[in-house]
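Here are my notes for someone opening this one for the first time. Have a look at the sequence and the model, then walk through the points below.

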Amino acid sequence: MLVRLIIGLAMTAAALGLASRRLLFLYRVGRLGQPVDPERTKDVGSRAWAVLTEVLAQRKLLKWTVAGAAHAAVFWGFLILGATILEGYGALFQRDFHIPLIGTDTWLGFLEDLFIVAVLAGIATFAVLRIRQSPSRAGRSSRFSGSHLGAAWLVLFMIFNVMWTLLLYRGAQINTGYFPYRHGAFASEIAAKILHPLGHSANDVLETVGILGSLGVVLGFLVLVVNSKHLHIFLAPFNIALSRRPRALGALLPVYSDGKEVDFEDPGEDDKIGRGAIEDFTWKGLLDFSTCTECGRCQSQCPAWNTGKPLSPKLLIMGLRDHALAKAPYLLADSDDARAALPEAVRAEGERPLVGPVADGGVIDPDVLWSCVTCGACVEQCPVDIEHVDHIVDMRRYQVMIESEFPHEAQGMLRNLERKGDPWGRGNKARLEWTQGLPFEVRVFGENGEEALPGDVEYLFWVGCAGSLDDNAKKTSRSVAELLHEAGVEFMILGSGETCTGDAARRLGQELLFQELAKQNVETLNEVGARKIVVTCAHCFNTLSNEYPQFGGDYEVVHHTELLAKLVAEGKLRPVNDVNLAVTYHDPCYLGRHNRVFSPPRDILGSVPGVRLTEMPRNKERSFCCGAGGARMWMEETIGTRINETRTDEALGTEPDLVTAACPYCIVMLTDGVATRKQEGKAPENVRVADVSEVLLRSIQKPGPKAVAAAAEPAAGAEPTPTPGAEPAAESQPAADLEAE
Amino acid sequence: MFPPMPLADPVLVLADETDDDDALAQATRELLALARRVGTPVLVRCDHCRAAEVLIDIARDHRPRAILINSSPANDRISAQVAVHLESAIATDVTDLSFDDDHLVAVSDRMSSEIHTPTSVITVRPRNHESQRELLLTEADVVVAGGRGVGSAEGFSLLARVAYALGGRLGGTHTAGELGWCPRHASISLPGARIRPRLYLAGGVSGSVRHRSAIRGAGTVVAIDSDPNAPILREADFGIVGDLHEVLPALLDELAARAASPPQTVTPVPSSPELAEA
């Protein structure tokens, strides 16, 4: 007994020593990071709730049923089986130890054994998943591709060892008579039956060996965990508690330096703009990196990775983590002499640029950094709430604002935004072109000398650059205007008073330009007294509703699909015409994932007679980006296959007549994709791409004089002589247009 | 060196002389990547003094779909010899290759050509010239470009002839680049090449906002499109509603006629009314 106590305590001391040394190192690495933004510690209630649901109830893990259930079994197993560790230590001191009060209850014995079995089933499931989805079999498409496979198998093996040693000593305890539970421990009883024939003295030895073995494995596991990706066991609850709530999507964080927002009008001399080195990340960033479990759920969803690009959110986070740990000794050294005394490899790590070509030792290759579409599929999936998109944009900010290193073709968009206020450089005079040819007058703010929005105007219609200038998006603007007019909703537009909301500039990392545009727009909107805004572009929608509050612009912003769905529900719009169309709907990232508007577009489609909606395999939260987000619209896509074509193929797989979306960027990308596939003979000629509102409009138009006029107009040339800038009559009637093509 | 098994659609790639066992030159890797798009790449490594003989021998035995050789003064002799001996087609200074049904499409700066011979010799412009070429398009005084309305890669060779006749550069829209009718880097679009020629001639270009954005710096814009409602026609100084396959040959004839009668020769900046009425 004494021997077993001494060995047990010695093991414990050794393991705790090793583990705490490592934890201390990790803590010091964490301290290298910048302070976090103050929001992180506010709103304790929702943070506690997050820990409760995401840690204890495994909410995000259970989004994937099989892997989630297996993880839940193992996770709960570890919590419950904490009791067996207590019992094990107790038995070192006192052979017939039991937990006070409940320690001999049948239910506890049963629960412990139930979870021993559940954990074994869980790790068996994990093993099957790892074999079936092994990178050697599935290659790049495996979510484990690039993860540390050996370490993962070692962890599974260690958990297996914990479980069988538990059964061993519990079985032997039953045979020696020192087991605390008389009933309930069914699995231990089976083990006892197997061990029983060995005789009493053998069981005596096995009891001690089992206890020491079990504790030894647990302690070994502890040391392994703090030295591996399995650190998430300890860090995940903290990471989840301190992550952005409700999720790190929607708005981007302002540029923070030293925990304070950078004032771009008068930046401090020591202000860090974005992240130019690993130590520029906040300690929460470093916590993110250390918490990554390499599960690869992000990677499996990432549009960049799935189209052969070098970016995988998982590999990005792993790369940053490995670099942080490798560079830490360099950063922790307190003098130049100490740094010079470091091993060559550590000094080399200290010299690596954070962003730079891999060939030049860069930690994150520019091709990786600029492949991100900020679609948020990674953030959506991450079971430990890592904020990939924020980290990527923070690194972009440094590259753009400090280094001026970014894909040069994006320069055109930036220059146009600066000079003309829209990405194509058409200028604000062109912003009214889309209204021409509408059968009613669109009210433009200021045309009749208004100084504030008139009382009868319910909504300010924010048209956006695409909605004003892009030919497809102009159709959407006209449809929405017509539908609002039809429903009797009074609205007004700003016309030349709008400028770009700055989404693309911000996601590219050009915060300075974004802030200029944002301040200008907020000033305009506040001046006219805007309260309710309706917007057709998912990117404008996100910026107006989530990011302008950062600049003092608080409005009630609705997306046109939300407003139209409401008008249909209230009976103010009655879709009556049978359109007879097979339709699929593409969730724009900035409408769906970032802003949780999933059902209104579907409600609209559902209300239209003759619409047969078929969902794509990846929809709603798991929708696959069109490829235009994160300012990727303004960059060349030269690596791998095209994101838009991949998504187009998925849409075409539903055999639609019409591919719908609710964002002008998506419509451009899908229109391109469908056109390419048609040219290749891989898509039927009749397939079209259109905004959801166009379908609704088509179903609402009365087959009365209006439609006749619409059909007659282009032929009869009812439109006055086309002046430069005037829209052709054919485009003014989307319904006629839908049929024409 | 060459596998004994017959290969499906082999495409021979002449290795660079600097290649060694450990590393292939960037130019060779690019050739292999290009070859992979149209068949099964087969790397041929030999002393370049004997390269023509070696390639001819292999080609006679294995009937490759194409033989890819990097453009360079020294290699051009090899390419010419091989093509003459095999009596095959030759496409020079190619930047992009694709395979369409039963023929190769070779895209170069000036044109896009379909190749119907069983074997062809393709000399490929190494990529490091690319930025230089982009510059040429973006800096050119005269640019001729086509879009989806051109209808085919073949149609682009008509545009290429017009560009040549006007002493200009050939470009295309985003869509034309996507469809492989013009090299991707010659897509006049945002993002893409932004041009500022004195004369811009657009054929079969509808004029999407991204294209119009990229031609903002153009002086005189002449547009030919069959759709009277195409936005490009509102942007153009001279708009022609018609079929470019009729208009452009007429323009070529006119240009040839003028070139033949010297006193009539004018500077190739035809803001002259003839064009608009063509």
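1. Start with B:Pro191, which sits in the loop between H6 and E10 of chain B. Helices (H or I, at least four residues) and strands (E, at least two) are DSSP runs, numbered from the N terminus. The peptide bond that joins B:Leu190 to B:Pro191 is cis, with omega about 5 degrees. Keep in mind that this is a predicted model, where local features need pLDDT of at least 70, side-chain atom pairs count only at pLDDT 80 or more, and totals for chains, interfaces and linings use all residues. Residues are numbered from 1 along each chain as its sequence is written, while chains are lettered from A and ligands numbered from 1 in the order in which they are written.

2. Chain A has a cis bond to look at as well: A:Arg245 and A:Pro246 are joined by one, with omega about 0 degrees. You'll find A:Pro246 in the loop between H10 and strand E1 (256–257) of chain A.

3. Now for two positive phi values in chain B. B:Glu87, not a glycine, has phi near 50 degrees, and its place is the loop between helix H3 (73–86) and strand E4 (89–100). B:Glu87 has 8 other C-beta atoms within 10 Å, so it is exposed. The cut-offs: 20 or more other C-beta atoms within 10 Å of a residue's own make it buried, 12 or fewer exposed, and anything in between partly exposed, with C-beta atoms placed from the backbone. B:Asp93 is no glycine either, yet its phi is positive at about 50 degrees. B:Asp93 belongs to strand E4 of chain B and is partly exposed because it has 16 C-beta neighbours inside 10 Å.

4. Is B:Val205 buried or exposed? It counts as buried, because 33 C-beta neighbours lie inside 10 Å. B:Val205 is in the loop between strand E10 (199–203) and H7 of chain B. Neighbours within four places in sequence aside, its contacts (C-beta atoms, placed from the backbone, within 7 Å) include B:Ala145, B:Thr173, B:His211, B:Asp225 and B:Ile232. B:Gln81, by contrast, is 124 residues from B:Val205 in sequence and 40 Å away in space, C-alpha to C-alpha.

5. On to where the chains meet: 15 residues of chain B are in contact with 22 residues of chain A. On the chain B side, helix H6 (174–178), helix H7 (209–214) and helix H8 (231–235) each supply at least two residues. H7(B) gives the largest share, 3 residues.

6. Over in chain A, how do helix H2 (residues 44–56) and helix H10 (residues 232–241) cross? Their axes come within 8 Å and cross at roughly 140 degrees. Axes here are lines fitted to C-alpha atoms, for helices over the stretch in contact, and angles run from 0 to 180 degrees between N-to-C directions. That makes H2(A) oblique to H10(A); under 35 degrees would be roughly parallel, over 145 roughly antiparallel, 65 to 115 roughly perpendicular, and the rest is oblique. On the H2(A) side the meeting residues are A:Arg47, A:Ala50, A:Val51, A:Glu54 and A:Val55, and on the H10(A) side A:Ala236, A:Pro237, A:Ile240 and A:Ala241.

7. Last stop, helix H24 (residues 538–547) of chain A: it is mostly covered, with 9 of its 10 residues buried. Among them are A:His539, A:Phe541, A:Leu544 and A:Glu547.

Key
Contact = placed C-beta atoms within 7 Å.
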